[in-house]
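Subject: Structure handover

Hello,

Here is the structure I said I would pass on. My notes on it follow below.

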Amino acid sequence: MNSRTISNGILQATGILLGLGVLLYFLYQIRSVLAYLAMAAVVALIGRPVVLFLRRKLKFPNTLAVIFTMVLMIGVLAGIIALFFPLVAEQAANLSLLNIEELKSNLATLYQEVILYFGASPDQVNDLIKGTDLEKSIFSGLDIGFIPNFLNSFLNTLSAASIGLFSVLFISFFFLKDSSLFQRGLLTFVPDNKESGMSNSIQKINGLLSRYFVGLLFQILILFVIYTVTLLWVGIPNAIVIAFLCALFNIIPYVGPIIGAVLMVTLTMTSNLGADFTEFILPNTGKVMIGFVIGQLVDNFFSQPFIFSNSVRSHPLEIFLVIIIAGLLFGVVGMIIAVPGYTAIKVVLKEFLSDNKIVKRLTQNL
(Lines give C-alpha, C1' and ligand atoms only; values in the text may rest on other atoms or scores of the structure.)
Protein backbone atom coordinates (compact mmCIF):
# COMPACT_ATOMS: atom_id res chain seq x y z
CA MET A 1 0.00 0.00 0.00
CA ASN A 2 1.65 3.22 -1.16
CA SER A 3 1.19 6.76 0.09
CA ARG A 4 -1.12 7.66 -2.79
CA THR A 5 -3.56 4.88 -1.89
CA ILE A 6 -3.51 5.95 1.75
CA SER A 7 -4.11 9.60 0.86
CA ASN A 8 -7.00 8.64 -1.45
CA GLY A 9 -8.55 6.57 1.35
CA ILE A 10 -8.22 9.47 3.76
CA LEU A 11 -9.80 11.85 1.24
CA GLN A 12 -12.69 9.43 0.62
CA ALA A 13 -13.28 8.97 4.34
CA THR A 14 -13.16 12.75 4.85
CA GLY A 15 -15.60 13.26 1.97
CA ILE A 16 -18.01 10.68 3.39
CA LEU A 17 -17.87 12.23 6.87
CA LEU A 18 -18.35 15.71 5.39
CA GLY A 19 -21.30 14.47 3.34
CA LEU A 20 -22.89 12.87 6.41
CA GLY A 21 -22.37 16.07 8.36
CA VAL A 22 -24.05 18.14 5.64
CA LEU A 23 -26.92 15.61 5.44
CA LEU A 24 -27.47 15.67 9.22
CA TYR A 25 -27.37 19.47 9.24
CA PHE A 26 -29.91 19.57 6.41
CA LEU A 27 -32.20 17.12 8.23
CA TYR A 28 -31.89 19.23 11.37
CA GLN A 29 -32.91 22.35 9.47
CA ILE A 30 -36.01 20.65 8.04
CA ARG A 31 -36.90 18.85 11.27
CA SER A 32 -40.34 20.47 11.27
CA VAL A 33 -41.11 19.02 7.85
CA LEU A 34 -39.89 15.59 8.98
CA ALA A 35 -42.16 15.86 12.03
CA TYR A 36 -45.11 16.73 9.76
CA LEU A 37 -44.35 13.70 7.58
CA ALA A 38 -44.14 11.41 10.63
CA MET A 39 -47.43 12.70 12.06
CA ALA A 40 -49.11 12.46 8.67
CA ALA A 41 -47.94 8.85 8.38
CA VAL A 42 -49.51 8.07 11.77
CA VAL A 43 -52.78 9.76 10.75
CA ALA A 44 -52.76 7.79 7.49
CA LEU A 45 -52.18 4.53 9.39
CA ILE A 46 -55.11 5.30 11.69
CA GLY A 47 -57.38 6.20 8.78
CA ARG A 48 -56.27 3.26 6.64
CA PRO A 49 -58.75 0.70 8.13
CA VAL A 50 -61.64 3.14 7.55
CA VAL A 51 -60.63 3.69 3.92
CA LEU A 52 -60.28 -0.05 3.32
CA PHE A 53 -63.68 -0.70 4.93
CA LEU A 54 -65.38 1.93 2.78
CA ARG A 55 -63.72 0.64 -0.39
CA ARG A 56 -64.20 -3.09 0.18
CA LYS A 57 -67.47 -3.31 2.10
CA LEU A 58 -69.41 -0.24 0.93
CA LYS A 59 -67.81 -0.06 -2.55
CA PHE A 60 -66.81 3.59 -2.22
CA PRO A 61 -64.46 4.98 -4.90
CA ASN A 62 -60.97 5.49 -3.50
CA THR A 63 -61.04 9.30 -3.55
CA LEU A 64 -64.50 9.46 -1.97
CA ALA A 65 -63.46 6.98 0.74
CA VAL A 66 -60.41 9.11 1.54
CA ILE A 67 -62.45 12.32 1.65
CA PHE A 68 -65.03 10.72 3.93
CA THR A 69 -62.28 9.41 6.24
CA MET A 70 -60.52 12.79 6.39
CA VAL A 71 -63.81 14.58 7.13
CA LEU A 72 -64.51 12.06 9.88
CA MET A 73 -61.09 12.55 11.49
CA ILE A 74 -61.29 16.33 11.16
CA GLY A 75 -64.72 16.21 12.77
CA VAL A 76 -63.34 14.25 15.73
CA LEU A 77 -60.44 16.69 16.03
CA ALA A 78 -62.80 19.67 15.83
CA GLY A 79 -64.93 18.12 18.57
CA ILE A 80 -61.90 17.76 20.83
CA ILE A 81 -60.84 21.35 20.16
CA ALA A 82 -64.39 22.56 20.77
CA LEU A 83 -64.31 20.70 24.07
CA PHE A 84 -61.01 22.12 25.23
CA PHE A 85 -60.67 25.59 23.75
CA PRO A 86 -63.56 27.30 25.59
CA LEU A 87 -62.36 25.75 28.85
CA VAL A 88 -58.76 26.88 28.31
CA ALA A 89 -59.89 30.37 27.29
CA GLU A 90 -62.14 30.61 30.33
CA GLN A 91 -59.44 29.37 32.68
CA ALA A 92 -56.91 31.77 31.14
CA ALA A 93 -59.29 34.67 31.72
CA ASN A 94 -59.95 33.53 35.28
CA LEU A 95 -56.28 33.06 36.08
CA SER A 96 -55.42 36.48 34.68
CA LEU A 97 -57.66 37.88 37.43
CA LEU A 98 -56.59 35.33 40.01
CA ASN A 99 -55.64 36.43 43.49
CA ILE A 100 -52.37 34.50 43.80
CA GLU A 101 -52.06 35.18 47.52
CA GLU A 102 -55.55 33.79 48.14
CA LEU A 103 -54.77 30.65 46.16
CA LYS A 104 -51.53 30.14 48.10
CA SER A 105 -53.47 30.55 51.33
CA ASN A 106 -56.06 27.94 50.26
CA LEU A 107 -53.34 25.46 49.27
CA ALA A 108 -51.58 26.03 52.57
CA THR A 109 -54.85 25.32 54.39
CA LEU A 110 -55.28 22.08 52.47
CA TYR A 111 -51.68 21.13 53.29
CA GLN A 112 -52.28 21.66 57.01
CA GLU A 113 -55.50 19.61 56.93
CA VAL A 114 -53.69 16.69 55.28
CA ILE A 115 -50.92 16.81 57.88
CA LEU A 116 -53.37 16.94 60.80
CA TYR A 117 -55.44 14.08 59.36
CA PHE A 118 -52.44 11.75 59.47
CA GLY A 119 -51.79 12.54 63.14
CA ALA A 120 -48.92 14.96 62.72
CA SER A 121 -48.65 18.69 63.17
CA PRO A 122 -47.32 21.34 60.81
CA ASP A 123 -44.59 22.16 63.32
CA GLN A 124 -43.36 18.54 63.36
CA VAL A 125 -43.28 18.38 59.57
CA ASN A 126 -41.47 21.71 59.36
CA ASP A 127 -38.85 20.48 61.86
CA LEU A 128 -38.43 17.30 59.84
CA ILE A 129 -37.76 19.06 56.54
CA LYS A 130 -35.89 22.03 57.99
CA GLY A 131 -32.59 22.56 56.26
CA THR A 132 -33.53 20.44 53.22
CA ASP A 133 -34.36 21.52 49.68
CA LEU A 134 -37.99 20.58 50.33
CA GLU A 135 -38.25 23.42 52.82
CA LYS A 136 -38.02 25.96 50.01
CA SER A 137 -40.99 24.43 48.18
CA ILE A 138 -43.54 24.60 51.00
CA PHE A 139 -46.53 26.69 50.13
CA SER A 140 -45.39 29.77 51.99
CA GLY A 141 -42.50 30.07 49.59
CA LEU A 142 -44.11 28.64 46.50
CA ASP A 143 -44.21 31.02 43.56
CA ILE A 144 -47.25 30.13 41.48
CA GLY A 145 -47.49 33.44 39.70
CA PHE A 146 -46.16 31.72 36.59
CA ILE A 147 -49.55 30.08 35.93
CA PRO A 148 -51.15 32.92 33.92
CA ASN A 149 -47.97 33.38 31.86
CA PHE A 150 -47.81 29.65 31.20
CA LEU A 151 -51.38 29.52 29.94
CA ASN A 152 -50.83 32.54 27.70
CA SER A 153 -47.74 30.84 26.21
CA PHE A 154 -49.76 27.68 25.75
CA LEU A 155 -52.46 29.54 23.83
CA ASN A 156 -49.83 31.19 21.63
CA THR A 157 -48.37 27.75 20.89
CA LEU A 158 -51.81 26.45 19.92
CA SER A 159 -52.23 29.38 17.56
CA ALA A 160 -48.84 28.79 15.93
CA ALA A 161 -49.61 25.07 15.57
CA SER A 162 -52.46 25.76 13.13
CA ILE A 163 -50.02 25.86 10.20
CA GLY A 164 -48.54 22.53 11.25
CA LEU A 165 -52.02 21.03 11.62
CA PHE A 166 -52.97 22.08 8.09
CA SER A 167 -49.69 20.64 6.76
CA VAL A 168 -50.25 17.30 8.50
CA LEU A 169 -53.83 17.01 7.22
CA PHE A 170 -52.78 17.97 3.68
CA ILE A 171 -49.99 15.37 3.59
CA SER A 172 -52.23 12.74 5.23
CA PHE A 173 -54.82 13.15 2.48
CA PHE A 174 -52.33 12.20 -0.22
CA PHE A 175 -50.85 9.37 1.88
CA LEU A 176 -54.37 7.92 2.14
CA LYS A 177 -55.30 8.64 -1.46
CA ASP A 178 -52.17 7.00 -2.84
CA SER A 179 -51.18 4.36 -0.31
CA SER A 180 -48.00 3.57 -2.22
CA LEU A 181 -46.79 7.19 -2.27
CA PHE A 182 -44.82 6.89 0.97
CA GLN A 183 -43.57 3.48 -0.06
CA ARG A 184 -42.25 4.74 -3.41
CA GLY A 185 -40.51 7.59 -1.66
CA LEU A 186 -38.65 5.20 0.64
CA LEU A 187 -37.78 2.81 -2.17
CA THR A 188 -35.98 5.66 -3.94
CA PHE A 189 -33.15 5.26 -1.43
CA VAL A 190 -33.06 1.43 -1.63
CA PRO A 191 -30.82 -0.50 -4.07
CA ASP A 192 -32.68 -2.17 -6.94
CA ASN A 193 -31.90 -5.70 -5.74
CA LYS A 194 -33.44 -4.92 -2.33
CA GLU A 195 -36.63 -3.22 -3.51
CA SER A 196 -38.80 -6.35 -3.44
CA GLY A 197 -37.87 -7.23 0.14
CA MET A 198 -38.25 -3.65 1.33
CA SER A 199 -41.64 -3.37 -0.39
CA ASN A 200 -42.85 -6.47 1.45
CA SER A 201 -41.51 -5.06 4.73
CA ILE A 202 -43.28 -1.73 4.26
CA GLN A 203 -46.61 -3.41 3.51
CA LYS A 204 -46.33 -5.59 6.61
CA ILE A 205 -45.27 -2.63 8.76
CA ASN A 206 -48.31 -0.67 7.51
CA GLY A 207 -50.64 -3.48 8.53
CA LEU A 208 -49.09 -4.00 11.97
CA LEU A 209 -48.79 -0.32 12.88
CA SER A 210 -52.27 0.45 11.58
CA ARG A 211 -53.70 -2.12 14.00
CA TYR A 212 -51.43 -0.79 16.75
CA PHE A 213 -52.55 2.85 16.45
CA VAL A 214 -56.23 1.91 16.13
CA GLY A 215 -55.83 -0.28 19.22
CA LEU A 216 -54.20 2.65 21.00
CA LEU A 217 -57.25 4.79 20.24
CA PHE A 218 -59.52 2.13 21.72
CA GLN A 219 -57.26 1.97 24.78
CA ILE A 220 -57.63 5.73 25.30
CA LEU A 221 -61.39 5.50 24.71
CA ILE A 222 -61.85 2.79 27.35
CA LEU A 223 -59.87 4.75 29.95
CA PHE A 224 -61.73 7.94 29.01
CA VAL A 225 -65.10 6.28 29.65
CA ILE A 226 -63.99 4.84 33.02
CA TYR A 227 -62.43 8.12 34.19
CA THR A 228 -65.43 10.17 33.02
CA VAL A 229 -67.90 7.97 34.90
CA THR A 230 -65.74 8.18 38.02
CA LEU A 231 -65.33 11.95 37.97
CA LEU A 232 -69.01 12.56 37.18
CA TRP A 233 -69.92 10.24 40.05
CA VAL A 234 -67.77 12.28 42.43
CA GLY A 235 -69.03 15.56 40.97
CA ILE A 236 -65.74 17.08 39.80
CA PRO A 237 -66.14 20.17 37.57
CA ASN A 238 -65.05 19.74 33.93
CA ALA A 239 -64.99 15.97 34.42
CA ILE A 240 -64.96 15.16 30.68
CA VAL A 241 -61.94 17.35 29.95
CA ILE A 242 -59.98 16.04 32.94
CA ALA A 243 -60.83 12.43 32.04
CA PHE A 244 -59.66 12.95 28.45
CA LEU A 245 -56.37 14.50 29.56
CA CYS A 246 -55.66 11.69 32.03
CA ALA A 247 -56.53 9.05 29.42
CA LEU A 248 -54.31 10.80 26.88
CA PHE A 249 -51.35 10.74 29.29
CA ASN A 250 -51.59 6.95 29.16
CA ILE A 251 -49.88 7.12 25.75
CA ILE A 252 -46.63 7.67 27.67
CA PRO A 253 -45.75 4.18 28.93
CA TYR A 254 -45.39 3.72 32.71
CA VAL A 255 -44.86 7.45 33.41
CA GLY A 256 -48.13 8.64 31.86
CA PRO A 257 -50.47 6.82 34.28
CA ILE A 258 -48.58 8.31 37.23
CA ILE A 259 -48.99 11.81 35.79
CA GLY A 260 -52.68 11.10 35.19
CA ALA A 261 -53.18 9.88 38.77
CA VAL A 262 -51.47 12.95 40.24
CA LEU A 263 -53.58 15.22 38.02
CA MET A 264 -56.86 13.54 38.98
CA VAL A 265 -56.09 13.52 42.70
CA THR A 266 -54.86 17.12 42.70
CA LEU A 267 -57.90 18.44 40.84
CA THR A 268 -60.22 16.42 43.08
CA MET A 269 -58.67 17.77 46.28
CA THR A 270 -58.52 21.38 45.08
CA SER A 271 -61.96 21.51 43.44
CA ASN A 272 -63.65 22.09 46.83
CA LEU A 273 -61.02 23.68 49.02
CA GLY A 274 -63.59 25.18 51.38
CA ALA A 275 -65.25 21.81 52.16
CA ASP A 276 -64.52 19.61 55.16
CA PHE A 277 -61.41 17.54 54.55
CA THR A 278 -62.41 14.40 56.48
CA GLU A 279 -66.06 14.20 55.44
CA PHE A 280 -65.87 15.46 51.85
CA ILE A 281 -62.44 15.89 50.25
CA LEU A 282 -60.87 12.64 51.47
CA PRO A 283 -63.83 10.34 50.55
CA ASN A 284 -64.06 11.91 47.08
CA THR A 285 -60.34 11.45 46.57
CA GLY A 286 -60.69 7.81 47.58
CA LYS A 287 -63.50 7.30 45.06
CA VAL A 288 -61.40 8.86 42.31
CA MET A 289 -58.45 6.61 43.18
CA ILE A 290 -60.71 3.54 43.07
CA GLY A 291 -61.91 4.53 39.60
CA PHE A 292 -58.34 5.17 38.48
CA VAL A 293 -57.18 1.77 39.75
CA ILE A 294 -60.09 0.04 37.97
CA GLY A 295 -59.14 1.83 34.75
CA GLN A 296 -55.50 0.77 35.06
CA LEU A 297 -56.45 -2.84 35.82
CA VAL A 298 -58.64 -2.96 32.71
CA ASP A 299 -55.85 -1.35 30.71
CA ASN A 300 -53.05 -3.62 31.97
CA PHE A 301 -54.94 -6.92 31.84
CA PHE A 302 -57.17 -6.36 28.82
CA SER A 303 -56.32 -3.39 26.58
CA GLN A 304 -52.53 -3.62 26.44
CA PRO A 305 -52.30 -7.43 26.04
CA PHE A 306 -54.89 -7.22 23.26
CA ILE A 307 -52.98 -4.46 21.44
CA PHE A 308 -49.57 -6.10 21.77
CA SER A 309 -50.73 -9.59 20.84
CA ASN A 310 -52.84 -8.55 17.84
CA SER A 311 -50.71 -5.75 16.44
CA VAL A 312 -47.01 -5.66 17.32
CA ARG A 313 -46.95 -9.35 18.34
CA SER A 314 -44.24 -8.95 20.95
CA HIS A 315 -43.91 -10.36 24.46
CA PRO A 316 -44.83 -7.88 27.26
CA LEU A 317 -41.36 -8.26 28.84
CA GLU A 318 -39.78 -7.57 25.46
CA ILE A 319 -41.89 -4.41 25.10
CA PHE A 320 -41.04 -3.34 28.66
CA LEU A 321 -37.29 -3.56 28.03
CA VAL A 322 -37.56 -1.74 24.70
CA ILE A 323 -39.55 1.11 26.25
CA ILE A 324 -37.14 1.47 29.18
CA ILE A 325 -34.09 1.53 26.89
CA ALA A 326 -35.73 4.03 24.51
CA GLY A 327 -36.70 6.21 27.48
CA LEU A 328 -33.14 6.25 28.80
CA LEU A 329 -31.76 7.15 25.36
CA PHE A 330 -34.37 9.59 24.04
CA GLY A 331 -36.59 10.55 26.97
CA VAL A 332 -40.39 10.70 26.81
CA VAL A 333 -40.44 10.91 23.00
CA GLY A 334 -38.41 7.71 22.85
CA MET A 335 -40.88 5.93 25.13
CA ILE A 336 -43.79 6.95 22.90
CA ILE A 337 -42.22 5.84 19.60
CA ALA A 338 -40.43 2.79 21.06
CA VAL A 339 -43.11 0.22 20.24
CA PRO A 340 -43.88 1.24 16.61
CA GLY A 341 -40.17 1.81 15.91
CA TYR A 342 -39.19 -1.56 17.35
CA THR A 343 -41.94 -3.27 15.37
CA ALA A 344 -40.72 -1.72 12.11
CA ILE A 345 -37.13 -2.79 12.84
CA LYS A 346 -38.25 -6.37 13.57
CA VAL A 347 -40.13 -6.60 10.27
CA VAL A 348 -37.14 -5.35 8.28
CA LEU A 349 -34.77 -7.73 10.09
CA LYS A 350 -37.08 -10.67 9.42
CA GLU A 351 -37.14 -9.83 5.72
CA PHE A 352 -33.39 -9.45 5.24
CA LEU A 353 -31.83 -11.49 8.09
CA SER A 354 -34.32 -14.30 8.51
CA ASP A 355 -31.55 -16.93 8.84
CA ASN A 356 -29.95 -15.22 11.84
CA LYS A 357 -30.65 -17.14 15.06
CA ILE A 358 -31.34 -14.04 17.18
CA VAL A 359 -33.57 -12.49 14.53
CA LYS A 360 -35.41 -15.76 14.07
CA ARG A 361 -36.12 -15.94 17.80
CA LEU A 362 -37.28 -12.31 18.07
CA THR A 363 -39.50 -12.44 14.97
CA GLN A 364 -41.02 -15.90 15.37
CA ASN A 365 -44.51 -14.42 15.96
CA LEU A 366 -44.45 -12.05 12.97
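Gln296 is a residue of helix α11. The model is a predicted one, and in it Gln296 counts as buried, at 11% relative accessibility. Which residues does Gln296 touch, once its neighbours within four places in sequence are left aside? They are Leu223, Tyr227, Asn250 and Pro257.

Phe170 and Phe174 are about one helical turn apart, because they are 4 residues apart in helix α6 (residues 146–177). Phe170 is partly exposed, with a relative accessible area of 47%. Phe174 is partly exposed as well, with a relative accessible area of 35%.

The pair of Tyr227 and Phe292 is stacked, with 5.7 Å centre to centre and 15° between the planes. This pair links distant parts of the chain: Tyr227 is in helix α8 (residues 195–234) and Phe292 is in helix α11 (residues 277–312), 65 residues apart. Are Tyr227 and Phe292 buried or exposed? Both Tyr227 and Phe292 are buried.

Next, helix packing. Two packed helices are described by the angle between their axes and the distance between the axes. For α8 and helix α9 (residues 239–249), the angle is about 140° and the axes are 8 Å apart. The crossing of α8 and α9 is right-handed. On the α8 side, the contact is made by Ile220, Leu223, Phe224, Tyr227, Thr228, Leu231 and Leu232. On the α9 side, the residues are Ala239, Ile240, Ile242, Ala243, Phe244, Cys246, Ala247 and Leu248. By residue type, the contact of α8 with α9 divides into 14 nonpolar, 1 polar and no charged. Leu223 and Tyr227, which take part in this contact, are also among the residues in contact with Gln296.

Another residue of α8 to note is Leu216. Leu216 is buried, with a relative accessible area of 15%. Where Leu216 and Ser303 are concerned, 87 residues in sequence separate them, and their C-alpha atoms are 8.5 Å apart in space.

- Thr69 lies in helix α3 and counts as buried, at 1% relative accessibility.
- Leaving aside neighbours within four places in sequence, Thr69 is in contact with Gly47, Val50, Val51, Leu54 and Leu176.
- From Thr69 to Arg48 the C-alpha to C-alpha distance is 8.6 Å, for a separation of 21 residues in sequence.
- Phe53 is in helix α2 and counts as partly exposed, at 46% relative accessibility.
- Phe53 and Ala65 are 12 residues apart along the chain, and 8.8 Å separates their C-alpha atoms.
- Lys59 has its place in the loop between α2 (31–56) and α3 (62–96).
- Phi of Lys59 is near 60°, which is a positive value in a residue other than glycine.
- Lys59 is exposed, with a relative accessible area of 65%.

Finally, the chain as a whole. How many helices and strands does the secondary structure of the protein chain come to? There are 13 helices and 0 strands, so the run of elements from the N terminus on is written α-α-α-α-α-α-α-α-α-α-α-α-α. Of the 366 residues in the protein chain, 31% are buried. Taking contacts between residues at least 6 apart in sequence, 67% join residues at least 24 apart.

Regards

Note on methods
Residues are numbered from 1 along each chain as its sequence is written. This is a predicted model: local features need pLDDT of at least 70, side-chain atom pairs count only at pLDDT 80 or more; totals for chains, interfaces and linings use all residues. Side-chain values use heavy atoms; hydrogens and water are left out. Helices (H or I, at least four residues) and strands (E, at least two) are DSSP runs, numbered from the N terminus. Buried means under 20% relative accessible area, exposed over 50%, partly exposed in between (1.4 Å probe, protein chains only). Rings of Phe, Tyr and Trp (its six-membered ring) pair if their centres lie within 6.5 Å; planes under 30 degrees apart count as stacked, over 60 as edge-to-face and the rest as tilted. Axes are lines fitted to C-alpha atoms, for helices over the stretch in contact, and angles run from 0 to 180 degrees between N-to-C directions. A crossing is left-handed if the near helix is turned anticlockwise from the far one by less than a right angle, and right-handed if clockwise. Contact means heavy atoms within 4.5 Å. Ala, Val, Leu, Ile, Met, Phe, Trp, Tyr, Cys and Pro count as nonpolar, Asp, Glu, Lys and Arg as charged, and the others, Gly among them, as polar.
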